[in-house]
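Open the model in your viewer and keep the selection panel at hand. The tour below goes from stop to stop, saying what to select and what is there.

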Amino acid sequence: MKIASHVRDIPRSGIRDFFEVVQSMRDVISLGIGEPDFVTPWHIREAAIYALERGRTGYTSNLGLPRLRRTIAEYVRSRFGAAYEPLTEILVSVGVSEAIDLALRAVLDPGDEVLYHEPCYVSYAPSIVLAGGVARAVPTRPEDEFRLRAEAVEAAITPRTRVLMLNFPTNPTGATMPREELEKLAAVCIRRDLLVFTDEIYSELTYDDASHTSIASLPGMKERTVLLHGVSKAFAMTGWRIGFACAPVELIEAMMKIHQYAILCAPVMSQDAAIEALERGAPAMERMRREYERRRNVIVSAFNEMGFPCFKPRGAFYVFPDISMSGLTSREFSLRLLREKNVAVVPGTAFGSGGEGHVRCSYATAMDQIQIAMTRIREFRDGLAPGAAGATAAA
Ligand code: PLP
């Protein structure tokens, strides 16, 4: 069968390959999954059930229910400090995933370049390529706690660069960006006339003293930014498939053209549930956030004690320990840990070549499972060649 070459040449996701192995095994503790282990809070599920009972089963406006768009505008204004006009500057999508695709397809001409920071979420580079663009990774470094340096962005800009994609807090590193650093990035984007697509899907999940700043709220940025967000992570609603984009009217209009022909609209009962989540979901979300923070503390201490250096991320629900002292590549480490100790983590290289020497562990897993996994990883380390990963010192 002839498959379009730009599709054929895209590699399958490293996560997917790895999870095919996981699925063939029994009794695996998975620290590999990128979704909350919580079920959607009951009052949100109830809102969807009530919508169904009332017979709300049809299409909505292409842009999404007006009531939901007003709710989003208020949520974004109060949380992010950015003001959007609900009926013209907001589009409700099928998850942030669809909104990323729409934004890229709306602005890229063939050969236009998009910068993104790496290690990063697995979908960015393929989505850029599928939209006809050229994906250009800007490496981030463990010594900077994987923050993106404005100088690194500036150095990567060419005459074809159109967009900078951001994702803070970051999947897979948990990196966050303080406001001062975002201001430096914003200055580069304004000076070099770049658009910014900012995926803020983990923005509610911040810890310690890290408060989230959206680059869209900085002076001069709203007009060049697409703010991408959704309910999947903070409200434990991955399966409902609701995301949204906030952007200037012309961009929303362009994205809407693609969305209306490809998707029509996001599911109505999920939109009703999203209204409930954004209007009344804060207490349930805060309970989940506190639990993630407790788990993060346990997992970060455990890795550091084992001799696998791990900075304490202040966002999302991932840690990205450095396993290079094991003498194994991140893929060998993950495969051996899975086969020998039945613990699944994701090789850092699934998130770009800069992830070598690291593995991603999600703490969206129950505390007792995390504790057992940490014991098994310690045993795994002890079984490695002497000298590896501080096997003797910390054993
Ligand atoms: N963006 C990032 C950074 C993610 O980690 C994920 C899911 O893991 C998504 C987007 C997908 O979000 P959604 O469920 O809203 O499509």
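Which pocket is the space taken by the ligand? The space that the ligand takes is the largest pocket. The search runs on a 1 Å grid over the protein atoms alone: a pocket is an open set of points with protein on both sides within 12 Å along at least five of seven lines, a cavity is a set where a 1.4 Å probe fits but cannot get out, and lining residues have an atom within 4 Å of a point. A molecule sits in a pocket or cavity if more than half of its atoms lie within 2 Å of its grid points.

Before going on, note that this is a predicted model, in which local features need pLDDT of at least 70 and side-chain atom pairs count only at pLDDT 80 or more, while totals for chains, interfaces and linings use all residues. Residues are numbered from 1 along each chain as its sequence is written, and side-chain values use heavy atoms, with hydrogens and water left out.

**Stop 1: the ligand**

The shell holds 13 residues, and the closest are Val96, Ser97, Asp199, Tyr202 and Lys233. By class, 5 are nonpolar, 5 polar and 3 charged. Here Ala, Val, Leu, Ile, Met, Phe, Trp, Tyr, Cys and Pro count as nonpolar, Asp, Glu, Lys and Arg as charged, and the others, Gly among them, as polar. Helix α5 (residues 95–107) gives the most to this shell, with 3 residues. Helices (H or I, at least four residues) and strands (E, at least two) are DSSP runs, numbered from the N terminus.

- Serine 97: a side-chain N or O atom is 2.5 Å from an oxygen atom of the ligand.
- Asparagine 171: an N or O atom of the side chain lies 2.8 Å from a ligand oxygen.
- Aspartate 199: a polar side-chain atom is 2.6 Å from a nitrogen atom of the ligand.

On its own the ligand has 400 Å² of accessible area, of which the protein covers 93%; such areas come from the Shrake-Rupley method with a 1.4 Å probe.

**Stop 2: the largest pocket**

Hide the ligand and look at the space around it. The volume of the largest pocket is about 770 Å³, where a volume is the space filled by probe spheres set on grid points joined across faces, edges and corners. Its lining has 31 residues, with Gly34, Ser97, Tyr121, Val122 and Lys233 the closest to the centre. Two or more lining residues come from each of α2 (14–23), α5 and α6 (124–130). The most come from α5, with 6 residues. The lining divides into 13 nonpolar, 11 polar and 7 charged residues.

**Stop 3: the second largest pocket**

Select Ile10, Pro11, Arg12, Val122 and Pro126, which are the closest to the centre among the 21 residues that line the second largest pocket. This pocket holds about 440 Å³ of space. α6 gives the most to its lining, with 3 residues. The classes here are 11 nonpolar, 6 polar and 4 charged.

**Stop 4: the cavity**

How many cavities of 30 Å³ or more are there? The count is 1. To find the largest cavity, select its lining: Glu145, Arg147, Gly174, Ala175, Thr176, Phe311, Lys312, Pro313 and Arg314.

**Stop 5: the backbone**

Most residues other than glycine have a negative phi, and most peptide bonds are trans. Select glutamate 118 and proline 119: the peptide bond between them is cis, with omega near 0°. Proline 119 lies in the loop between β3 and α6. Next, select asparagine 171 and proline 172, whose peptide bond is cis with omega near 20°. Proline 172 is in the loop between β5 (161–166) and α8 (179–191). Last, go to aspartate 193, which is not a glycine but has a positive phi of about 55°. Aspartate 193 lies in the loop between α8 and β6 (195–199).

Key. A residue is near a molecule or strand if one of its heavy atoms lies within 4 Å of it. A polar contact is a pair of N or O atoms within 3.5 Å; within protein, one must be able to donate a hydrogen and the other to accept it, and residues adjacent in sequence count only if both atoms are side-chain atoms.
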